[in-house]
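Here is a request for a walk through one structure, feature by feature.

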Amino acid sequence: TCIEVRADGEIIALDAGSGIRSLGIALEKEFQSQPIRLSLLITHAHWDHIQGLPFFAPAYEKKNEIRVRGYDGVDMSFGEIMAEPMKAPFFPIAMRELSARVEIKKLTEMEFCVGKVQVRARFVNHPGICAGYRLFTSTGSIAFLPDHEPYRFLHSARANGMSPEQAKKTAPEERIALVEFLRGSDILILDAQYTDTEYESHVGWGHGSVSSAVSLALDAEVRRLLLFHHDPSHDDAMIDAMVHDARQLIRESGKDLEVDAAREGEEILLPAAQTKSPK
Ligand SMILES: [Zn+2]
Ligand SMILES: [Zn+2]
């Protein structure tokens, strides 16, 4: 998992999974001897979201500046989480030995700015602490919820020892709040790891399904949905079939929503004309 957003003079990377390696190579090629200034927002500590950082070439160049932001985990500080993939004996270079100016700072607020880009965060339904981000740029807003399970299974209930009655009351409230958080997003990058049939045998695993992703995007009046967090066992034909199912659901709803599967290396431009600003 790694998404690059370029907006309002900022380079913002969302998560540092294995994809950040190719992002690093592309940035080095583009910037050559010029310094790279980049902000990296981390959703959570799972390996597929942080393990690429040791292989991010710009971190090894003195000229570059990388600001890393995210929230503390349940039993681990954000700094400890980010240092983990570079610990001996698993990796030969420690985080503090990186040549670039790498500043790792935990987030304590749910609203903050990266330059002129306003960012709102919300904790989503996933094991442990996991944030979703919404970036408000001058050309539109992008919501990034790579790992999120529908509230039918409430992860915080297990973690907080909620009674079944409390969980039953909290789950729909959480969903309403999430719909408001996402309302009017130009792009929503959302966990749709499973087909609806697969999801039935993966309830509680922390990931979403095609129909849950479509219904969340429709309720939040999102303009374009990108199905994300593809299951490693799904091939292209399977992903195509899932997109087909999603489009069928949208047709049946009679509402407007574009849907595609996110794909590696794809570039999406947000036209300024369709700008929606935060309320
Ligand atoms: Zn995860
Ligand atoms: Zn993940």
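**Reading strands, metal sites and a cavity**

Q: How many residues lie between strand 8 and strand 9 in their hairpin?
A: Strands are DSSP E runs of at least two residues and helices are H or I runs of at least four, numbered from the N terminus. Strand 8 and strand 9 form a hairpin with two residues between them. The model is predicted: local features need pLDDT of at least 70, side-chain atom pairs count only at pLDDT 80 or more, and totals for chains, interfaces and linings use all residues. Residues are numbered from 1 along each chain as its sequence is written, chains are lettered from A and ligands numbered from 1 in the order in which they are written, and side-chain values use heavy atoms, with hydrogens and water left out.

Q: Which way do the neighbours of strand 9 run, parallel or antiparallel?
A: Two strands pair if DSSP finds at least two bridges between them. Strand 8 (residues 131–137) is antiparallel to strand 9, with five bridges, and Tyr133 stands opposite Phe144. Strand 10 (residues 187–191) pairs with strand 9 in the parallel sense over four bridges; there Leu188 is the bridge partner of Ala143.

Q: Why is strand 9 described as largely enclosed?
A: In a regular strand the side chains alternate between the two faces of the sheet. Buried means under 20% relative accessible area, exposed over 50%, and partly exposed in between, with a 1.4 Å probe and protein chains only. Six of the six residues of strand 9 (residues 140–145) are buried, so the strand is largely enclosed by the rest of the structure. One side carries Gly140, Ile142 and Phe144, and the other Ser141, Ala143 and Leu145.

Q: Which residues coordinate the zinc ion (ligand 2)?
A: Donors are N, O and S atoms within 2.8 Å of the metal (3.2 Å for Na, K and Ca); water is not among the atoms, so sites may look incomplete. Here the donors are Asp48 (OD), His49 (NE2), Asp147 (OD) and His229 (NE2), at 2.1 to 2.2 Å. Asp147 also bridges to the zinc ion (ligand 1), and the two ions lie 3.5 Å apart. Asp147 is in the loop between strand 9 and helix 4 (155–160), while His229, 82 residues away, is in the loop between strand 11 (224–228) and helix 8 (236–253). Asp147 is buried at 1% relative accessible area, and His229 is buried at 13%.

Q: What coordinates the zinc ion (ligand 1)?
A: The zinc ion (ligand 1) is coordinated by His44 (NE2), His46 (ND1), His126 (NE2) and Asp147 (OD), at 2.1 to 2.4 Å. Both His44 and His126 are buried. Along the chain the donors are spaced H-x1-H-x79-H-x20-D.

Q: Which residues line the largest cavity?
A: On a 1 Å grid over the protein atoms alone, a cavity is a set of points where a 1.4 Å probe fits but cannot get out, and lining residues have an atom within 4 Å of a point. Grid points are joined across faces, edges and corners, and a volume is the space filled by probe spheres set on the points. The whole structure has one cavity of 30 Å³ or more, with a volume of about 40 Å³. Its lining consists of Ala192, Gln193, Leu227, His230, Asp231, His234, Ile239 and Met242.

Note on methods: On a 1 Å grid over the protein atoms alone, a cavity is a set of points where a 1.4 Å probe fits but cannot get out, and a pocket is an open set with protein on both sides within 12 Å along at least five of seven lines; lining residues have an atom within 4 Å of a point.
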